[in-house]
Amino acid sequence: MAIRTKPDHQRYTFEGFGSAKYPNLMLRGAGDLNNWPLAVYESKHEGYAGMRKALQMEPGAVIEDVKTSGIRGRGGAGFPAGLKWSFMPKDTAERKFTRYLVINADEGEPGTFKDRAILEYNPHQLIEGCIIAAYAMQANTCYVYIRGEFLWLIEKLEAAIEEAKAKGYLGKDILGSGFDLEILVHRGAGAYICGEETALLNSLEGRRGEPRVKPPFPAAKGVFGAPTTINNVETIAAVAPILRMGGAEYAKLGTPKNTGTRVFCLSGHIKRPGLYELPLGVPLDFILNDLAGGSSTGKKIKAVIPGGASAPVFSEKEFSTPMDFDAVRNAGSMAGSGGVIVLDEDTCMVQACLRLIRFYAHESCGQCTPCREGCNWMEMILHRIEHGQGRTEDLDLLASMTPNIAGKTLCALGDAACGPMDSILQKFRHEFVHHIEHKTCMVSGHRLLAHVGAH
Amino acid sequence: MARLLINDLPFHATEGMSLLDAARAAGLDVPSLCHDRRLDAASACRLCEVEVKGQERPLCACATPATEGMEVRTHTPELEAYRRGVLEMLARNYPADAPAQIPEAPFHRLLARYGVEPTGHRDPAKADGTHPYMQVDLSQCIDCYRCVHICAEVQGQFVWKVLERGGRTRVEATGGSLLQSECVSCGACADTCPTGAIVDRSRLELGPAAAWTRTVCPYCGTGCEMQVGVAGDRIVAVKPALDSPVNHGHLCVKGRYGTGFVDAEDRVLHPMVRRDGEWVRVSWDEALDAAVDLLRRVKATHGPEAIGVLGSSRATNEEGFLAQKLARLALGTGNVDCCARVCHAPSAAGLGLALGTGAATNSFADIEKAGSLLVFGANPTENHPIVGTRIKQRALRGVPLVVVDPRRTELARMATVHLALKPGTNMPLLLALAHVIVHEGLEDKAFIEARTVDFEAFAQSLDAWPPERAAEVCGVTADDIRAAARIYATAKPSYMCHGLGVTEHIQGTETVTGLAHLAMLTGNLGVEGGGVNPLRGQNNVQGTAQMGCEPKRMTGYQPMDKALAAHEARWGAKLPGPGLDVLQMVDAARDGHFKALVAIGYDVFLSNPDAAASEAALGNLEGLVVVDLFMNETARAFGTVFLPACSSFEKEGTFMNGDRRVQRVRAAVKPRGEARSDQDILCALGARLGFAEAFTYAGPSEVWDEIRGLWSAVAGISYARLEEGGLQWPCPSEAHPGTAVLHTDAFPVGPRAAFRPQAWNPSSEFPDARWPLQLNTGRSLFHFNAATMTDRTDNALLQPTDRLDVHPDDALAHGLADGDPVKVESRHGTFTMKTHITDQVRPGDLWCTFHSKGIFVNRATGQGRDPVTHTPEYKVTAVTISKV
C-alpha cells in the first residue's frame with residue numbers, strides 16, 4: 001500500500017485551537033499519520049456518533065438539522081448545503097428515483113489544500129458525512145471524485161471504506177436501519193475544470209470533462225441522468241460534527257449568516273503557513289498577523305488572494321475584512337475555497353497576474369468561445385507586457401476583454417480568470433504601466449527580456 | 001404558450017421555444033455559431049446572449065426557455081459590441097482568405113456583418129483531403145463543436161472528437177483522416193459546419209447552389225425529404241430538409257451524396273432499338289412504334305397473357321398506377337408486377353392476411369416513443385440509415401434493444417440481446433419467443449380477449465417449440481430467447497421492425513404472420529410506440545405495389561374481386577383477371593408461353609435468383625422493352641427497345657414511404673438528353689395502343705386524382721395538401737389528418753384479428769455434406785441493390801466491390817487469407833469474389849453483398865420460393881467454397 005508514512009511539515013494548529021472559541025471539528029488528529037483508521041476515529045474523535053444519531057432520525061429531519069446548522073458549501077460558492085439537499089426530488093407513488101451523492105474531492109484550486117488534509121487524517125469523517133448525507137437524501141450510491149494526483153489518498157480512502165464496510169457502516173442495511181449505501185471512488189485525470197460540478201459529472205460518466213448547460217441542474221438531472229447532489233469534501237465532512245452536536249449548536253459558531261468553522265489554507269509569504277480551522281468571520285489581518293506571524297520575508301504584505309486563485313486580490317485596505325462569505329464578497333472578492341495566498345511587496349504583480357491567467361488559459365475546457373479564446377489572448381498580452389514588449393493600448397485592450405468573458409461562459413472559469421485580472425489591473429495598474437513605459441520591472445528593477453515567440 | 005416582449009414588441013412563444021427560437025421567429029437575426037436545431041442547446045459560442053429584464057447578466061438565448069412575462073432585448077449597443085468582441089477573438093487566428101472562398105458560410109456572413117477581418121493563416125497540416133465527398137481544413141475550425149455534437153447526437157458515430165483544452169483545444173477525426181475513421185459519410189458534419197472547415201467537395205468544385213428544390217430521396221423506403229441545390233441545371237448540393245418528420249434534418253451517404261448517377265457518362269440519353277444484334281439510336285417515334293409493334297404482334301399471335309409489365313419501384317405512384325393501367329387496360333393482360341415480389345411481398349401478404357393492411361402499422365416516429373425495440377432480420381443502420389440512426393440513438397440512451405440477425409451488425413453490437421440465429425430458422429425462434437411469453441404469463445390478456453380470436457389453437461401450436469428446442473435448431477441460447485421475449489413482452493410499447501431477413505425465405509409470409517402474432521400476443525398493436533413495421537427497401541416499393549403493380553391486386557392493394565368492377569367502370573372496359581407475377585412470367589417464358597416484357601426500372605436478370613434460369617427464359621422472348629436510365633444487364637443481354645427515362649430529380653409526382661406517407665417529388669433539373677418521364681412514356685405507349693383518351697393527363701396530379709377516385713384510403717390526399725408536407729394513409733377525406741397508427745380500434749379484417757396455429761417448414765437449402773456452408777446475401781451502406789445508381793457515384797470509392805464475409809474458422813479450414821479470391825459454388829451456379837475474414841458472421845455462414853454486376857452473386861442463388869408470394873429465398877443457399 002502506498003499509504004504515506006513520511007510525516008508532512010504542514011502546520012495544523014495554533015495556540016488556542018481546540019478551545020470553545022476555536023473548536024477543532026475538522027482537523028482532529030491532523031498531522032498524525034496514524035490517525036486515519038476507524039478505531040482511532042471512533043475512540044478518540046467521537047467517530048460515527050453523528051451517523052448513529054442520523055440513522056435514528058427521519059431523512060427529512062436530517063436535512064432540517066443541516067439547514068438549521070446554516071452551513072454553506074465550502075467548495076467555493078458558499079451555497080447553503082441543507083437547502084441544496086432539499087432540492088432532491090422525493091419518491092412518489094408513481095415515480096421512484098435513483099439518486100446519487102457525489103463528493104467533489106478534485107481539489108485543484110491553486111492555494112487550496114484542506115480537503116487533502118481531511119482525506120489524509122480523517123477519511124472516516126468524510127465517510128461518516130457521506131452516510132449521513134446519503135441517508136438524508138436517500139441516495140444509495142455515493143461517488144467520491146478524487147483528484148488523480150492524490151494517489152496515496154485514494155488508497156487510504158479505499159482502505160477506510162473497507163474498514164467501514166467491515167464494520168457494517170456501509171453496504172446493505174446499515175446498522176439495521178434498512179438503508180443501503182455504497183461509496184465508489186473515482187480518480188480524476190488532472191483537469192482543473194473537473195472541479196466544476198457538471199464537468200465533474202461528465203468526467204464521472206466517462207465523457208470529456210466540460211461543464212453542462214444549466215438548467216437542468218444536477219438535482220434534477222445529474223450523473224447518469226439521475227438526481228444528484230454534489231458537495232465538497234469539507235462540507236460533507238462537517239456534516240458529521242453537525243449531526244453529532246446538533247445543527248443549532250453548530251450555528252452558534254461563526255456569524256449568523258456564515259455559521260461554523262472552515263479550514264483556511266495559508267500559503268505564500270507568510271511566516272507560519274498551514275491550515276487554520278477558524279470560525280467564519282475572523283478578520284483577515286488577525287489571521288495573517290496574530291495567528292500566522294505576518295510576512296515571512298520581513299517585507300510588507302502587498303496583496304492577499306483571500307479565497308483561492310479565482311478570487312480577486314485584496315490590497316492593504318481590505319486586509320481588515322472579516323473572513324466570511326458575505327464580508328469578503330462585499331469587499332469585492334470571494335471567500336471561495338479558503339485558500340489564502342500572501343504576496344509581499346517584492347512580488348511583481350504583472351508576473352503574478354501572468355501566472356494566474358496562464359493557469360486559466362491552460363485549464364479552460366475550450367467549450368465556450370469567450371473563455372477559450374479570451375483567456376488565451378489575455379495570456380498573450382500579459383506575456384508581452386511581462387517581457388518588455390507591451391504596448392500602451394494593451395491595458396485598455398485587457399480591460400475591454402474581461403467584460404466579454406466574465407459572465408459569458410457556461411461555468412465560472414471565465415469569471416475566475418477575469419476577477420483576479422481586473423482586480424490586479426485596477427489595484428496595481430502602475431506596475432503594468434511601468435513595465436510598458438520603462439521596459440523594466442517596477443519591483444525588481446530588472447530589465448525585461450523579450451522571449452522568442454512573445455508577440 | 002408564453003407571452004413575452006422582445007425589443008418592446010409582444011411575441012407569443014409556443015411550448016418548448018428557447019429565447020433564440022422566439023427571437024428568430026420574431027424575425028430578429030440573433031447571431032449564433034454553435035446552435036443547430038437538430039442538437040441540444042450547446043450554449044458555447046455565446047453569441048446569442050440577450051438581455052432579459054431583471055437578470056443581472058445577459059443570458060444565452062439558445063439555452064434559455066422563453067417564459068411568460070419576459071422582457072428581452074436582443075440588439076443593444078452593449079450586446080452588439082460584445083458580439084463583435086467575440087468575433088474578433090475568433091478572427092484573430094482565422095485564415096484571412098477563407099471568407100472569400102465560401103462567403104455564404106454563417107461565420108463568414110457574421111464577420112462581414114460585424115466588420116471583423118480575419119488575420120490568420122492556414123496550417124497545411126490541418127487539411128484532410130482523403131474523403132471523396134468532404135474536404136476538411138481544420139485551420140478554419142472555430143471550435144463550435146457542431147460536428148462533434150451532430151456526429152454523436154444525430155448519427156451516433158462519434159467520429160469527431162475534441163482533444164486537449166484551453167488554447168490547444170482542437171477537433172479531430174478519430175482515426176487520423178476522415179476516410180480512415182469510422183465515418184459513415186452521412187455528411188451531417190459538413191452540413192452543420194458554420195465555417196467550411198468541413199465542407200462538401202461539390203461546394204468547392206461546383207460552386208454554390210443558385211436554387212433549392214424540396215423533394216424526396218430516390219434511394220430506400222425511409223423517404224427522407226431533401227433540398228436539392230442546383231446551379232446551371234446541375235445538381236451541386238443536397239441538404240436534408242430540416243423540418244421533415246421522417247428524417248429530422250438528417251440524410252445518409254446515399255441520399256446526401258449519391259446524385260452523381262444523374263449525370264453519369266454512360267446514362268442513355270436517347271431511344272434505341274436493337275437491329276441485327278446492335279443497339280441503334282432512333283427517334284422517340286421510331287422507338288415507341290417499335291415497342292408498340294412488338295406488343296401488338298405478340299398479343300395478336302400469343303394472346304395478352306404472353307405479355308407482361310414490370311412497374312418500377314423507383315418511379316412515382318402515378319407512374320406505377322399508369323404501368324398497371326397500361327398492362328390491364330391497354331394490353332389486356334393481368335401480368336403486372338414490380339420488384340416488391342423479390343423483397344417485401346410477404347410483408348404485404350402476411351400483414352394483409354393477419355391484420356388487413358399490408359403495410360407498416362406504425363410510424364418511424366414511434367421509435368422515439370417505444371419502451372423497447374425489436375429489430376428482426378434487418379440491418380437498418382446500413383440499409384435504412386436514417387431509421388437505423390434513430391434506433392441507435394434510442395439504444396444509446398438505454399432503451400432495451402433486441403436484434404435478431406445471423407450477423408453481428410452494428411445494432412447487434414449495441415443490443416441488449418442479440419439472437420444470432422442460423423439463417424432460415426426464423427420460425428422456430430418466433431414460436432419459441434411466443435412460447436416464453438405465453439408460458440410465463442406475459443401475454444396481454446385484455447388485448448387478446450378484446451381484439452383477437454382463436455388464441456387457444458395458436459397457443460397449443462407453441463407447445464412444440466419450447467425455448468430449449470428452438471435454441472438447438474436456431475443455434476442460440478434458451479436464456480437469450482427468454483430474455484428477448486421478456487423484453488418484448490414487458491418493456492412496452494415495443495416497436496418491432498423487420499427486413500428482408502424475414503421475407504426472403506420460403507417461410508417469408510409465414511414469418512410475417514408470426515411477427516404479427518407476437519404483436520397481437522402482447523397488445524403491441526394500435527398503440528403508439530408499437531406495431532409491426534416492415535422496412536421497405538426501395539423509395540417507392542410500397543407505392544408501386546400499392547398502385548396495383550401486383551398480379552392479384554389492384555390500386556390500393558385491393559383484392560381483384562373487390563376492386564375490378566370499380567376499375568372497369570372508371571376505365572370503361574373489361575379488364576383481365578389475376579395474372580402472373582415476375583417469377584411466373586420468367587417461368588412461363590422458359591416454357592415458351594410468355595413472349596414480351598416491358599421492364600420499367602427493374603434489372604430482372606441481375607436481381608432475380610438463379611441467373612442461369614433467368615437467362616434461358618429471357619432468351620426465349622420475342623422482345624423486351626426496357627425503360628431505364630442505364631443500359632442495365634437485362635437490357636444489355638435481352639433488350640430490343642430502350643426507352644430512356646428521367647430520374648426522380650427530373651420529374652414531378654409522389655412517392656410513398658415505408659410508414660405509408662405520401663410525399664411530393666419535385667423536378668430540380670431538366671430531363672437529360674431526350675429522356676422522358678415514365679408518365680410520358682407510358683402515356684405515349686397507351687395512346688399508340690389505341691387508348692389516347694385514357695392516357696391523356698394534364699400532369700401527375702391528374703393521375704393522382706384518378707388514383708384517389710379508385711382507392712378511398714388516399715381520397716383525402718390532394719396535391720394541394722401535399723404542399724404542406726407528406727400525409728399518411730388512410731386519409732379518407734380532405735379534412736382527415738392522416739393516420740400515424742393503424743388498428744387503434746379495429747382491424748380492416750374485422751373487429752378482431754385471428755391467430756392461427758403455426759409450424760416450421762425448413763428449407764431444402766440447409767447445408768449438408770456436399771454443400772457444407774450457407775450463403776446469405778444482403779446490402780451495404782454505400783450501395784443500393786444492383787448499384788445501378790451508387791456505382792455511378794463516388795460511393796464506388798468508399799466501397800469498391802463486393803466481398804465474401806467468412807468466419808475465421810472457415811477461412812482457416814479453407815486456407816483463405818483476407819483478400820484472397822474465392823469461388824463460391826452452389827447447386828445453381830458459381831461466382832468468384834474476394835474473401836473478407838470477419839467474426840461478424842457465424843461459423844459455417846457466408847455473407848456477401850450483391851451490388852457488383854461483374855460478380856453476379858445471383859448466379860449462385862436458388863429456386864426456393866415463398867409459397868404464398870413466390871418471393872425468392874435469397875437468404876439461404878447451400879454452397880461450397882474453394883480458393884481460386
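Predicted model: local features only at pLDDT ≥ 70, side-chain atom pairs only at ≥ 80, totals over all residues.
**Exercise 1.** Work out what span the 19 residues of helix α9 (residues 284–302) of chain B should have, and compare it with the C-alpha ends.

*Solution.* Helices here are DSSP runs (H or I, at least four residues), and strands are runs of E (at least two), numbered from the N terminus. Take 1.5 Å times one less than the number of residues.

Residues are numbered from 1 along each chain as its sequence is written, chains are lettered from A and ligands numbered from 1 in the order in which they are written, and side-chain values use heavy atoms, without hydrogens and water.

**Exercise 2.** Find the buried side of α9(B) and its partners.

*Solution.* Buried means under 20% relative accessible area, exposed over 50%, partly exposed in between (1.4 Å probe, protein chains only). Buried residues of α9(B) include Trp284(B), Leu288(B), Leu295(B) and Val298(B). The face turned away carries exposed Ala300(B) and Thr301(B). Partners in contact (heavy atoms within 4.5 Å) include β14 (272–275) and α28 (678–688) of chain B.

**Exercise 3.** How many residues of helix α24 (residues 582–590) of chain B are buried?

*Solution.* Seven of its nine residues are buried. Among them are Val582(B), Met585(B) and Asp587(B). Just after α24(B), Gly592(B) has a positive phi of about 85 degrees.
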